[in-house]
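Please open the structure in your viewer and keep the selection tool at hand.

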Amino acid sequence: GTPVCLVEGERGNLKITTPEDFTIAEALLAEDGIFNEGPQTLIDLHETLVAHRAPSSTILLVSKRSAVFFPENPRLRAMRIRALAACGRIDQARAEIDACGDIDHRYWPRDLFSTVLTFLINQGFRSQSDVDRALALSDWFIEAHHDDESAYELRARILISVNQKEEATTLLRDVILGGDGLDPVWGTFAAPACALLYLDEC
């Protein structure tokens, strides 16, 4: 007996439950209309495809089309890097990261910092300039998002990967217990990832 309210939805708001739904997703991506709905539709679609282990070709299609319509959107840049890396297109992912230099780091969202730094750590540093670049990015990440635990965790992982374990554990201890200007209210339970990494390294 309760009145039903209908609202207009988005064509791109697709629920993927069967393999046939991937074909529908690819058809939507082939049309320009879906891109009029904005970047968030693509981000949601990409996350759904990854969660349902869509074929690489479908995931890469999202990446390719987003680059055409929203080349400068930083959240879609992060999405493209993750998509390319997941599909083994490492050189293309690096090229996408290089293109991020066009975006002022003050306007980088958290997921772009996190995606770029995670990629660099996972792929290994090829040179000292790669290390310097990662450390600079982590400095900017902490500066821009000082309340984000992942900024400190990724900084520590960079230091660990270049054998600066003592500096890494000091940073982690400061995050967990409070110190060096960090808010002691955080405590262990507010920084679980840093606490686990600290325990692994000590």
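A residue is called buried when its relative accessible area is under 20%. The model on display is a predicted one.

**First stop: the aromatic rings**

Select Trp108 and Phe113; both of these residues are buried. For Phe113 the relative accessibility is 1%, which is why it counts as buried. A search of the whole structure for aromatic pairs finds two. In the pair of Trp108 and Phe113, the ring centres are 5.0 Å apart and the planes stand at 45 degrees, so this pair is tilted.

How is the aromatic pair of Phe113 and Phe141 arranged? This pair is stacked, with 5.0 Å from centre to centre and 5 degrees between the planes. Phe141 is buried as well, its relative accessible area being 0%.

With Trp108 included, Phe113 and Phe141 form one aromatic cluster.

**Second stop: helix 2 and helix 3**

Two packed helices are described by the angle between their axes and the distance between the axes. Select helix 2 (residues 39–51) together with helix 3 (residues 56–69). Their axes come within 9 Å and cross at roughly 165 degrees. An angle over 145 degrees counts as roughly antiparallel, and helix 2 is therefore roughly antiparallel to helix 3. The crossing of helix 2 with helix 3 is left-handed.

Next, show the side chains where the helices meet. On helix 2, select Leu42, Leu45, His46, Leu49 and Val50; on helix 3, select Thr58, Ile59, Val62 and Ser66, which they meet. This contact of helix 2 with helix 3 comprises six nonpolar residues, three polar ones and no charged ones.

Finally, select helix 8 (residues 149–161) and helix 11 (residues 192–201). Are helix 8 and helix 11 roughly parallel or roughly antiparallel? Their axes cross at roughly 20 degrees and come within 8 Å; helix 8 and helix 11 are therefore roughly parallel to each other. Their crossing is left-handed.

Colouring by class shows seven nonpolar, no polar and four charged residues in the contact of helix 8 with helix 11.

Methods
Residues are numbered from 1 along each chain as its sequence is written. This is a predicted model: local features need pLDDT of at least 70, side-chain atom pairs count only at pLDDT 80 or more; totals for chains, interfaces and linings use all residues. Side-chain values use heavy atoms; hydrogens and water are left out. Rings of Phe, Tyr and Trp (its six-membered ring) pair if their centres lie within 6.5 Å; planes under 30 degrees apart count as stacked, over 60 as edge-to-face and the rest as tilted. Buried means under 20% relative accessible area, exposed over 50%, partly exposed in between (1.4 Å probe, protein chains only). Axes are lines fitted to C-alpha atoms, for helices over the stretch in contact, and angles run from 0 to 180 degrees between N-to-C directions. Helices (H or I, at least four residues) and strands (E, at least two) are DSSP runs, numbered from the N terminus. Angles under 35 degrees count as roughly parallel, over 145 as roughly antiparallel, 65 to 115 as roughly perpendicular and the rest as oblique. A crossing is left-handed if the near helix is turned anticlockwise from the far one by less than a right angle, and right-handed if clockwise. Contact means heavy atoms within 4.5 Å. Ala, Val, Leu, Ile, Met, Phe, Trp, Tyr, Cys and Pro count as nonpolar, Asp, Glu, Lys and Arg as charged, and the others, Gly among them, as polar.
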